[in-house]
Amino acid sequence: MAVFKVFRGDASGGKEMDYEVPSVPGQVVLDALHYIQANQAPDLAVRWNCKAAKCGSCSAEINGKPGLMCKTRVDAFGDEDIHVHPMKTFPLMKDLVTDVSWNYKVNKKIQPFTYAEDEPTPFVIQQEDIDRVIEFRKCIECFMCQDVCHVLREHDEGKDEYFGPRFMIRIAGLEMHPKDIADRIPQVKGEAGIGYCNITKCCTEVCPEHIHITDNGIIPLKERIADRYFDPIRAVFRKLGAKRERVPAKE
Amino acid sequence: MAAIEEQFETHEFDVIVIGAGGAGLRAAIASAQAGMRTAVICKSLLGKAHTVMAEGGVAASLGNVDSDDGWKTHFSDTMKGGKGINNWRMAEIFAKEAGDRVLELERWGAVFDRTPAGLINQRPFGAHTYRRLCHIGDRTGLEIIRSLQDKGIHSGIDVFMEYTMTRLLKDEQGRVCGAFGYRREDGRFVVFKARAVVMATGGWGKMFKVTSNSWESTGDGLCMAFEAGAELLDLEFVQFHPTGMIWPPGARGILVTEAVRGEGGRLKNSEGRRFMEDYDPDRMELSSRDVVARSIYKEVEAGRGSEHGGAYLDITHRGSDYIKKKLPSMHEQFLKLADVDITKGPMEVGPTIHYVMGGIKVDPETAAASIPGLFAAGEVAGGLHGANRLGGNSLSDILVFGRRAGEGAAAYARERGEVAALDESVIEDEKAVLLKPFENFEAGMTENPFVYMAELQAILGDHNGISRTEEGLQEGLRKLLELKNRVNDLGVPESRMFNPGWHACRDQVFMTRIAEAMFRAGIERKESRGSHWRLDFLDLDADWGKHNLVATLVDGEVRLEKRRAMEMPAELAALIDDKPAVSQAALQATRQ
């Protein structure tokens, strides 16, 4: 038997409710919540889909730490009670379900993959030229990096100022794609607000896909901004070596 | 009539697509590109659909690794895998167009692993003659859905997330003209009026206890089409993926990608023997899924199963670095969920429900269903895969027929005039069905939907499983009909705010109806073919090989018709040989 203290409530308020759940070998937190739904509280709101840590639906804060409920083993907590709460950074809908629609609005502001009209297709790309990008594309959009980001979590206005780590990774994946010709650096510096990130690496710590969000994504983007806007020598070189403008392909 | 439109949230589009997996998104992009006002309606958040669970790759005969590959071989492999009862025209279109759809996806930003020449890399899979699966590690489905999602949101599509549709609406001429359902967040009813509807709701594997499918795979789309009068095809064919996790209990059923075998994984029994030697020595672990699943089942029955009743799957011989590069999510999955490091020891695996071959009967060219205004693509559509689907073919299926369904629906919508006022009585009826569990609860009827579902899953698992007999199927049908008596008693306390118990009540109605059709179809097909393994009719039957089973719902009763398949043109038939389809290069890898 394990005791689960699950947050129940909605935007108007709520509290932890206790549920006893029989222990099963290898049980994950999501299994326990399903047990609670089936036996004690059919109206317990939980988002989940694949139950295999591949879709990023079941993010929650478990004993204060963001985690995928389908991947968090109950036996990892020993005899401790297990507190399950919704992600704090997003408006609560009900119980463990939050309104993450802000993320989808942000995503839409990012220019999608764009290749040049004169680029031969099918693309010829070497593996080593996409290895970096592959890391970023592992993202399952669980939004736990957004949840722990200080800028988004602790300041109400944060979401107006900064796109958050998830979308730095999205942009990094596009910017570093060998065939992409769009320029998102002004956006990264401007409305995407990368300057707000002070590299505490909390996002990297919670990433279930082990993406090195800060080291491999955010810092290189910050360097590109520094190169372009704050390094006069590089600016001269860039002008001398400027490539001709390429025309985006229409799809 | 106007009253309804004031009462409910109402939307109007040219084309609505129900379901936002790969098929739905590809259909929506095609429809939007054809100039239609298009909406995608999905039960979950965008990008979470079952497509993310497709791991190993997307099959397309690009010939980047094996230059002899081409559409003809892919066609032949697909027909052989499906044991000849696939819709040959669908298989032909599919094999010819799969390559273009994959390359198009790459131009939309999808990233695939590369060959030394810098082209899309292709890995071997079971029952494919050549190395054919374009992939990125073992998370190809995620790459595909993310690419379609990003393309889609910039194509002018409106997305309605966490909306559940429960009833198709038809006009006086019998044409589908929209759908009715509710918003999951607050339970508010919602009506979508549309000139054409694309059904892309995936499968119904959640009807089984041991499954790789999520809560979404409850067959609502199939059942809505069925109830609206559409013909369904081949419901007896359900695919067991040979390799699901079997231990620990909470992880039971979770998919272990076929890419493990594609990359050289060896299946062994408790005696350490590579038992596929005894069942399919020409193809070994790279045989088709129906054969491998049955072989594991037979080993367990013979007392040679693994500790927890499955088989051992060992990839350690490929070395730690290679495994982590090619199978990173499998490595993580076993480490986290089962405390097993697959670079050091074997996995324990057993069959798990994975896919349904049957579905809505569609026209191969336009993906139109048998009732006007309705189109279908992806797992919810039937015909392409026959009696058994090859691994990797579903990801190319959703791209090829997703596009065709979107274009088909757009063309139909353009021809069709404005949608007339909606039929109020159907909406009132559906509203009553949806609200019944609350009324029941008030009246003291408290049949728990989760308990009901567990019983339904047990009946399907016990009697419509990997091995079937007339007796077992009849027994299952009897139990199911008994259970069905309780479906009207489901009751939950009233709250329409994000209430999974309430949502589950409607699912049980859908699943019960589909289960009945599946049992009846399984009883009817008295032969063994592909995934349909009848212990009382062990062989292929030549006559059945020329027929499909078509199901329709007439006055609430399931009707089955044994319908003769269209004759395959001689030039296509000539492409299909008797050789066992397997990649020789991949067989080598298992021996390394």
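In this predicted model, helix 3 of chain A and helix 7 of chain A cross with left-handed geometry. The residues that make this contact are Val133(A), Phe136(A) and Arg137(A) from helix 3 of chain A, together with Ile169(A), Ala172(A) and Gly173(A) from helix 7 of chain A. Sorted by class, the contact of these two helices has four nonpolar residues, one polar residue and one charged residue. Two packed helices are described by the angle between their axes and the distance between the axes. Here the axes of helix 3 of chain A and helix 7 of chain A, the latter spanning residues 165-175, come within 9 Å and cross at roughly 155°. Because an angle over 145 degrees counts as roughly antiparallel, helix 3 of chain A and helix 7 of chain A are roughly antiparallel to each other.

The backbone deserves a separate look. Most residues other than glycine have a negative phi, and most peptide bonds are trans. In chain A, the peptide bond from Thr121(A) to Pro122(A) is cis, with omega near -10°, and Pro122(A) belongs to the loop between helix 2 (101-108) and helix 3 (127-137) of chain A. In chain B, Trp247(B) and Pro248(B) are joined by a cis peptide bond whose omega is about -5°, and Pro248(B) is placed in the loop between strand 11 (238-245) and helix 7 (259-262) of chain B.

Positive phi values are found at Met284(B), where phi is near 50°, and at Asp339(B), where phi is about 55° although this residue is not a glycine. Are these two residues buried or exposed? Met284(B), in the loop between helix 8 (276-279) and helix 9 (289-301) of chain B, is buried because 22 other C-beta atoms lie within 10 Å, the cut-off for burial being 20 or more. Asp339(B), in the loop between helix 11 and strand 14 (347-356) of chain B, has 12 C-beta neighbours inside 10 Å and therefore counts as exposed.

Leaving aside residues up to four places away in sequence, Ala377(B) touches Ala23(B), Ala27(B), Val198(B), Ala200(B), Ala367(B), Ile398(B), Phe401(B), Gly402(B) and Ala405(B).

Gly359(B), which lies in strand 15 (residues 359-360) of chain B, is buried because 32 other C-beta atoms are found within 10 Å.

Finally, the contact between the chains takes 53 residues from chain B and 49 residues from chain A. On the side of chain B that touches chain A, at least two residues each are supplied by helix 4 (88-107), helix 5 (140-153), helix 11 (328-338), helix 14 (449-463) and helix 16 (500-524) of chain B. The largest share of that side, six residues, comes from helix 5 of chain B. By class, the side of chain B that touches chain A has 27 nonpolar, 13 polar and 13 charged residues.

Technical notes
Residues numbered from 1 in each chain as written. Chains lettered and ligands numbered in written order. Predicted model: local features only at pLDDT ≥ 70, side-chain atom pairs only at ≥ 80, totals over all residues. Contact = placed C-beta atoms within 7 Å. Helix = DSSP H or I, 4+ residues; strand = E, 2+ residues; numbered from the N terminus. Nonpolar A, V, L, I, M, F, W, Y, C, P; charged D, E, K, R; others polar. Axes fitted to C-alpha atoms, helices over the stretch in contact; angles between N-to-C directions. Parallel < 35°, antiparallel > 145°, perpendicular 65-115°, else oblique. Left-handed = near helix turned anticlockwise from the far one by under 90°.
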